[in-house]
Each structure stands twice: as C-alpha cells, then as structure tokens.
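Here is a short report for a reader meeting this structure for the first time. Please look over the sequence and the model before reading on.

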Amino acid sequence: MIAKGMSGGEIVVAVDGSQHSLKALDWAVDAARSGGRQLVVVHVLSDETQMWRARRDAVLGTPEHEPPDPVTEHARSHLYEREDLPEIRYESKEGELEGVLQERGARGAMLVVGSRGRGGFASLLLGSTSRLVATKAAVPVVVVRHTAEDAAADAPVLLGLNPTETADEVIAFAFGCAEEQGRPLVALTAFPSPAAPLPMFGTPMAGVPEDDAAPLTREIERAQQERLAPYTGSFTAVRVQSEIGAGDSAGQLVARSETASLLVVGRHRRRVKADSLMMGSVTNAVLHHAHCPVAVVPGLE
C-alpha cells in the first residue's frame, strides 16, 4: 500500500519581512487551507536582535514578556483581510538561520521559503539560504519565487519523473499535493532528441535517431504507467496525465512550469550520499528558472 502523501500535519513557512517571504506566506496559506492543515509562521531573529537580547538579559534579566516581534506582526497584518484562513501559529526563534529552519521544518509536512530573503542581491534568482535549506532539509521544501503568478484553478501539479530513478517519496508527495489541492497531476519524462542535442541546462546528451523515437516513446510510456500504477490506485481522486518531451529534462520542466501550479522534483539521484551538499543538475536548474513554485523532495537515503 502506498503511503498517502505528506507525513506530519503542519506546514511551516519562513518569513523575514521581505516581499519574497510574503509571497511564500500567501502560497503556504493556500496550501494549508486546501489540505486542512495548521500553518506555522516562523521568523528567525537576526543576529543583531539576538545579540541585543543577550546583552539586555545579561544586564537587566530576561523580561517576563517579550515585546511583539515586528516581523511576525507584519506577517499577521499582511493576512489580516484574507478570508477563510487556516489555523495559524506565529513563532519567533533564535539561532542560526538555516539550522533553525531545518529543525523546525522537520516537525511538519513541508517547509515553505521565498526564493530570496531580505538583503539578497537583486540579480540572484535563488538566495543562499533557500538553496541550503532545499539541499539539506529532511522534509520537502517548497521555494516560491516572488514573481510567480497565481496559478489558474485548473493548473496541474507537475512531476518531473524518471521512471527508474525518481524516489517513491517524490511521487507520493506530488500525488498528495494534487489530491489536497484538487488539481490534476502531469508526470513529465524527457528523452534526448536529435533536434535538441544540447540541453538548455546541464550536460550534453546524445541525440536519438528519428527512426528510433517512436519505439522509445512507447517504452517510456510503458515505464511511466508501471511506475505510477501504485499511486493511481491509491490516489483515486487525482486525474493523471503522462507527458513525454523530446529534449533535456530541465528545459522541458521549465517550459511546462509556465502553466503549472507547482513543480515537484527529487533532490538528487539515489547514488548521492545522504550528507552530500550536492543537488541534482535538473533540480538545481529548475530552482533557478521555473516559473511556478518548486518542491524539492528528499528520498530515503
């Protein structure tokens, strides 16, 4: 029996007062509401604030009640006029940013972050914190770009599927999101094409002769169906569409993400060690270039 979607109950979203994090907050609110989940809004205090508190406590002692955190208050006011909010809890944390987010996110179903935080260089599409968290977190990490447009009501969840390599946890997460959000799921598998011998991203691939494309396509379709069969049997409410694209995987996924609500990819191939800081080339590429939010899902190592 296939595990049903996401483990744990709550969705954790990181905020820092930036527009990037508020965009992530909006996405997380919708995800929590559609899934009937609690939302935890987390702000990791800046190093300056933590140092100031430490000096204050050393001189005056720790106050009985801390004054409100302006960042979480800003997040609260941002949501003030929204209707049908899920249950929300606000938390202010001390500690090292990436470590706190990983630890807090590990107790939930997923961790949601903006593509860049406050103080990030405008030219960077993906901030260092977002990348590190997506690389190391024990739970799926959804990276929401602040320029991403709201998805259409019928926009699908897009799954980057390699039938022989994509981990069970990645597929189950994609099906779980589609089920909770009431969206169809598109499973996209790419193969080399003679029309595109060089990929948009990543390393070159050998082309496939045109005469061999048809039998290869049929073989990929068969492999897709076999790989997805246990999930279509478990997630019966999810309408599944399989797609096969000629070209490199990253380029195909980036192009298809223009009409998707969420792109789900695995963090890396199974052969990479669990403690590695490396991320698969396809995952790295879509994090930088996808038009919709990207969920990076770790598999069992």
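## The model

This is a predicted model. Every value below was computed from it.

## Where H1 meets H3

Start with two helices. H1 covers residues 19–35, and H3 covers residues 70–78. Their axes come within 11 Å of each other and cross at roughly 50°. The crossing is right-handed.

Which residues make the contact? H1 supplies Leu22, Leu25 and Asp26. H3 supplies His74, Ala75 and His78. By class, the contact of H1 with H3 has three nonpolar residues, two polar ones and one charged one. An α-helix has 3.6 residues a turn, so residues three or four places apart point the same way.

## Helix H9 and its cover

H9 runs over residues 281–289. Four of its residues are buried: Thr283, Ala285, Val286 and Leu287.

## An aromatic cluster

How many aromatic pairs does a search of the whole structure find? It finds two. One is formed by Phe175 and Tyr231. Their ring centres are 5.7 Å apart, with 25° between the planes. Planes under 30 degrees apart count as stacked, so the Phe175 and Tyr231 pair is stacked. This pair links distant parts of the chain. Phe175 is in helix H6 (residues 168–181), and Tyr231 is in helix H7 (residues 210–234). The two residues are 56 residues apart. Are they buried or exposed? Phe175 is buried, at a relative accessible area of 0%. Tyr231 has 1% relative accessibility and also counts as buried.

Phe175 also pairs with Phe235. Here the ring centres are 5.4 Å apart and the planes lie at 40°, so this pair is tilted. Phe235 sits in the loop between H7 and strand S8 (240–246). The Phe175 and Phe235 pair therefore ties together parts that are 60 residues apart in sequence. Phe235 is buried, as is Phe175. Together, Phe175, Tyr231 and Phe235 form one aromatic cluster.

## Two buried arginines

Arg145 is placed in the loop between S5 and strand S6 (157–160). Is Arg145 buried or exposed? The cut-off for buried is under 20% relative accessible area, so Arg145 counts as buried at 14%. Along the chain, Arg145 and Leu287 are 142 residues apart. Their C-alpha atoms are separated by 9.1 Å. Leu287 is one of the buried residues of H9.

Arg56 is found in helix H2 (residues 47–60). Arg56 is buried too, with a relative accessible area of 12%. What does Arg56 touch, not counting residues up to four places away in sequence? On that count, Arg56 touches Gly61, Pro63 and Glu66.

## Asp84 in a loop

The last stop is a loop residue. Asp84 lies between H3 and strand S3 (88–93). Asp84 has a positive phi of about 55°, although it is not a glycine. Is Asp84 buried or exposed? Its relative accessible area is 60%. Exposed means over 50%, so Asp84 is exposed.

Notes: Residues are numbered from 1 along each chain as its sequence is written. This is a predicted model: local features need pLDDT of at least 70, side-chain atom pairs count only at pLDDT 80 or more; totals for chains, interfaces and linings use all residues. Side-chain values use heavy atoms; hydrogens and water are left out. Axes are lines fitted to C-alpha atoms, for helices over the stretch in contact, and angles run from 0 to 180 degrees between N-to-C directions. A crossing is left-handed if the near helix is turned anticlockwise from the far one by less than a right angle, and right-handed if clockwise. Contact means heavy atoms within 4.5 Å. Ala, Val, Leu, Ile, Met, Phe, Trp, Tyr, Cys and Pro count as nonpolar, Asp, Glu, Lys and Arg as charged, and the others, Gly among them, as polar. Buried means under 20% relative accessible area, exposed over 50%, partly exposed in between (1.4 Å probe, protein chains only). Rings of Phe, Tyr and Trp (its six-membered ring) pair if their centres lie within 6.5 Å; planes under 30 degrees apart count as stacked, over 60 as edge-to-face and the rest as tilted.
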